[in-house]
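This report is an introduction for someone meeting the structure for the first time.

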Amino acid sequence: MQAKMTVNKAFTISETDPRIYGSFLEHMGRAVYSGIYEPDHKTSDSKGFREDVKALVRELKTPLIRYPGGNFLSGYNWEDGIGSVEDRPKRLDLAWKTVETNEVGLHEFIGWAKEVGAEVNMAVNLGTRGIDAARNLVEYCNHPGGTYWSDLRRQHGAESPFKIKTWCLGNEMDGSWQIGSKTADEYGRLAAETAKVMKWVDPGIELVVCGSSGSGMPTFATWEATVLEHTYDYVDYLSLHSYYGNKKNDLQNYLAMSVGMDRFIKSVTAICDYIKAKKRSDKILNLSFDEWNIWYHSNEKDSKNEPWQQSPPILEDIYNFEDALLLGCLLITLLKNSDRVKIACLAQLVNVIAPIMTEKNGVAWRQTTFYPFMQAANYGHGTVLRHNLDVPTYDCADFKTVPFVESVSIYNPDKDEIIIFAVNRSANEGVDFTAELQGFTLSNVLEFTEISGHDVKQVNTKDTYPVVPKETDAVKVGKNQLTASLKPLSWNMIRVGLN
Ligand code: AHR
C-alpha cells in the first residue's frame, strides 16, 4: 500500500506545549504507596521514594503531573497531608473504598515531582469542599509569606512558595459516582466563584474547568455549554476525559478509536467557540485532555475487590502490543490538535492504568505503552505541521473511512530536525510511506525506530521486554522527500536532520 504525506514549512498547526505530555498520579491503588513511595524498598531515598521508579519517570520525560485525583480528590482534605506525618489522620476514601494513610501529602509529593523534573497540576476539591479550602490551598502553595497559610508552609519546611501554575477546579463533577456530583449550573456557579477567588490570591495561575467525564455522558455538550456560560471569563482551559478499550476484541475497530478522540476534541472546541461567540469574547479557550488512556483489562478483576484495604492493587491493566499501537494513534491525534489541546495527562503514571509498573519489594518495569509515550515526550517538540495525507481507508464497526496510516510531522527548529510519528493500522499490508517536506532541505536520517512484528496480545513483564522500539534502516532521504517502509501493525518514529 502507498501513503503520501505532503507538508509545507509555511503551513503549521501550532507550537507544541510541553504539557501535552503530562501525566497523572492519583492517591489510589498502588500509585503512591508501593508505587512511587515504599520506604522499605532497597532503592528508596531518605524520604521513602523509590529511586528505580524515579529513574523510569525521568526516562518518560513527563513535564506535568496532575495530583491528587481523580475521584479521590472529591473527598480529600488537603490539610490532612501537611504537618508531621505521625499526626496525620487515616481516612476512608469513599471514591475507591480504600483507606488513605496520608503518609504522602503535599510537601512530599511536590518534592518528588521536582526530583523527577515535573511540575504539579494541582486539583482542588469541589465535591465536598469549595471556595474556602481552594483559596487557602493557593495561599499555602503560592503566597510568599506573612499570612497564616503561607507561614504554615514555611513552618513545615518550605521557605519559598511552590509556585504551582496549573490548577484543576474539581474532577468529573457531572458523574453520579463522584462524591458531591453536581448539575452543570451548580458546578458552573461554584467553579466560577472559586476561580475568581483563587486568581485573587494568585493572578498568575491558570485554571482548568471540568468538562464532561466522557463524550458518552447523557449531558455531554449541554454540560460544557452551561459550565462555560458561568466560567468562560474566569478559566483558561476546559477538560476532556476519555478511556479506550478493545472490549469486543475487534482489532481494526480498536485501532480506529483515535478517530473518536479526534471527533471529541473537535466537538468540545466547537462548544468553546460557540460560547466565545455568544459572549462576544476575544478570548480563545483551550483544552486540557487531562485524563486519557486505555482502561479495560482490569475491569473484571476490580469488580471483585474487598473494600477498605490500604493501597490494594486496582486498575492494574497489563498492556499489550495492540494497546501500544492505539496509544500511538491517540498521541498523534493530540498532536494534530495542538492548536487547542495545550495540556494532556496520560492517566495514570505508576501502577494504576500506567506505563510504569512496580513490584512490591521488587523491580520497576516498562509496559508496552511506555515506549510510544516516551518517544513522543522526548522528541515530539516544535512546530506541528499541517499535512495532506493520501492513503487508503477502511470501514469498521464504529467508524467509516479510517486512514490505514495515522501520522504527524513536527519541525524542531532548535535541533534542526523533523520528527515523524506514524502508525500503520493495517494487519496485512506494509506501507510505502513518502513524506514530501516542502520548504525543508533534508540532510540525514538521525533515527528510525519501529515497534512491530508482535502478536497483538504480546505483553511486557517485569522479566521480559519483547515490545520495545527497534532500529531499522528502511528509510531513504532525498533533498526534500523521505521514503520509509512501515511494517504491518507498527508504531514508527523517524527523525531527520535538516541543512
Ligand atoms: O483514572 C481513574 C479514574 O478515572 C479517575 O479517578 C477518574 O477521574 C476517572 O473516572
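This is a predicted model: local features need pLDDT of at least 70, side-chain atom pairs count only at pLDDT 80 or more; totals for chains, interfaces and linings use all residues.

**Strand β10 and its partners**

Strand β10 covers residues 286-294 and is mostly covered, since nine of its nine residues are buried, that is, under 20% relative accessible area. With strand β9, residues 237-244, β10 pairs in the parallel sense over seven bridges. With strand β12, residues 341-347, β10 also pairs in the parallel sense, here over four bridges, and W292 stands opposite L346 in β12.

Strand β12 also holds I343, a residue that is buried, with a relative accessible area of 0%. Leaving aside residues up to four places away in sequence, I343 touches R19, I20, L64, T166, Y237, L287, S288 and F289. Although I343 and F289 are 54 residues apart along the chain, their C-alpha atoms are separated by 6.1 Å.

**A sheet of three strands**

Elsewhere in the description there is an open sheet of three strands, in the order β4-β5-β11 and with mixed pairing. Strands β4 (91-93) and β11 (309-310) stand at the edges, and because each has a single partner strand, one side of each is left without a neighbour in the sheet. Strand β5, residues 98-100, runs parallel to β11 and is joined to β11 by two bridges, with V99 standing opposite Q310 in β11. As a general point, strands of a sheet pair through backbone hydrogen bonds, either parallel or antiparallel.

**Two helix pairs**

Two packed helices are described by the angle between their axes and the distance between the axes. The table gives these values for two pairs.

| Helix pair | Angle between axes | Distance between axes |
|---|---|---|
| α5 (residues 184-201) and α6 (residues 222-231) | about 30 degrees | 8 Å |
| α8 (residues 257-278) and α10 (residues 321-336) | roughly 25 degrees | within 9 Å |

Helices α5 and α6 pack at an angle of about 30 degrees, which makes α5 roughly parallel to α6, because angles under 35 degrees count as roughly parallel. The crossing of α5 past α6 is right-handed.

**The cysteines**

How many disulfides does the count come to? A disulfide is a covalent bond between the sulfur atoms of two cysteines. When a pair of cysteine sulfur atoms within 2.5 Å is required, the count comes to zero disulfides. C329 is in no disulfide, and the nearest cysteine sulfur, that of C396, is 12 Å away. C345 is likewise in no disulfide, with the nearest cysteine sulfur, that of C168, 6.9 Å away. C329 is buried, with a relative accessible area of 0%, and C345 counts as buried at 0% relative accessibility.

Key: Residues are numbered from 1 along each chain as its sequence is written. Side-chain values use heavy atoms; hydrogens and water are left out. Buried means under 20% relative accessible area, exposed over 50%, partly exposed in between (1.4 Å probe, protein chains only). Two strands pair if DSSP finds at least two bridges between them. Axes are lines fitted to C-alpha atoms, for helices over the stretch in contact, and angles run from 0 to 180 degrees between N-to-C directions. Angles under 35 degrees count as roughly parallel, over 145 as roughly antiparallel, 65 to 115 as roughly perpendicular and the rest as oblique. A crossing is left-handed if the near helix is turned anticlockwise from the far one by less than a right angle, and right-handed if clockwise. Contact means heavy atoms within 4.5 Å.
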